[in-house]
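Please keep the sequence and the model in view while reading.

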Amino acid sequence: MTLSLIEAALLVFVLGCALGAAVLRDVLASLMAFAAYSLGVSIIWVMLEAPDVGLTEAAVGAGIMTILFILALANTVRPQEDGLFESIHVRTVVLVGAFVVVMLATVPSLPAIGADGAANPVVSGEVTQYYIENAYADTEVHNAVTAVLAAYRGFDTLGEAVVVFSAGVAALTVLRQEVFA
């Protein structure tokens, strides 16, 4: 597996933002790091040829969630800050490090980005070929990704939309109670 300079820079950016979101003591700074992390992940999704997932990550992760977090933060009391970073326990570092090592161990088994044929079992798989060959006939939707999301997995997509909508309504309800309390 080889990374281009842009991919490596993006990976370092995302990891730095994730680390910043975890260790920054100031909540607003941590929020900004989280939003930047989500935006970086959305770009990674686009580079992995999944623009629909990237667009969703940018809209929900970097957009809506950041706005909701900032509104919640604006309606709460911020404690006085003594330092820039949170203290980190050794056990936490060991646990997170072990998790990262396990996740990195799976990376070599992934197909190369853009690989075709037998080199990419996702592209050449039986399920993928079924969707490509039958999506229009089954659903009358021209875009195979839209057919999968809206027709084959319609209830799953509806459930995800309900969860996001419910979370937004709950956040707005809590914020409204905080304003008028």
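Which residues does Ser-42 touch, not counting residues up to four places away in sequence? Ser-42 touches Gly-54, Glu-57 and Ala-58, where contact means heavy atoms within 4.5 Å. The model is predicted, so to speak, by rule: local features need pLDDT of at least 70 and side-chain atom pairs count only at pLDDT 80 or more, while totals for chains, interfaces and linings use all residues. Residues are numbered from 1 along each chain as its sequence is written, and side-chain values use heavy atoms, with hydrogens and water left out.

**Helix packing**

Ser-42 lies in helix α2, helices being DSSP runs (H or I, at least four residues) numbered from the N terminus. With a relative accessible area of 4%, Ser-42 is buried (under 20% relative accessible area, whereas exposed means over 50% and partly exposed in between, with a 1.4 Å probe and protein chains only).

Helix α2 packs against α3 at an angle of about 170°, their axes being 7 Å apart; axes are lines fitted to C-alpha atoms over the stretch in contact, and angles run from 0 to 180 degrees between N-to-C directions. This makes α2 roughly antiparallel to α3, a term used for angles over 145 degrees. Among the residues that meet are Leu-31, Ser-42 and Trp-45 in α2 and Gly-54, Glu-57 and Phe-69 in α3.

Helix α1 (residues 5-23) and α2 have axes that come within 8 Å and cross at roughly 150°, and α1 and α2 are therefore also roughly antiparallel to each other. The α1 residues in this contact include Leu-10, Phe-13 and Cys-17, and those of α2 include Phe-34, Tyr-37 and Ile-44.

**Aromatic pairs**

The count comes to 5 aromatic pairs, with rings of Phe, Tyr and Trp (its six-membered ring) pairing if their centres lie within 6.5 Å, and planes over 60 degrees apart counting as edge-to-face. Phe-34 and Phe-69 form an edge-to-face pair, 6.1 Å centre to centre with 70° between the planes. Because Phe-34 lies in α2 (residues 27-47) and Phe-69 in α3 (residues 51-74), this pair ties together parts that are 35 residues apart in sequence. Phe-34 is partly exposed at 32% relative accessibility, and Phe-69 is partly exposed at 38%.

Key
Rings of Phe, Tyr and Trp (its six-membered ring) pair if their centres lie within 6.5 Å; planes under 30 degrees apart count as stacked, over 60 as edge-to-face and the rest as tilted. Helices (H or I, at least four residues) and strands (E, at least two) are DSSP runs, numbered from the N terminus. Angles under 35 degrees count as roughly parallel, over 145 as roughly antiparallel, 65 to 115 as roughly perpendicular and the rest as oblique.
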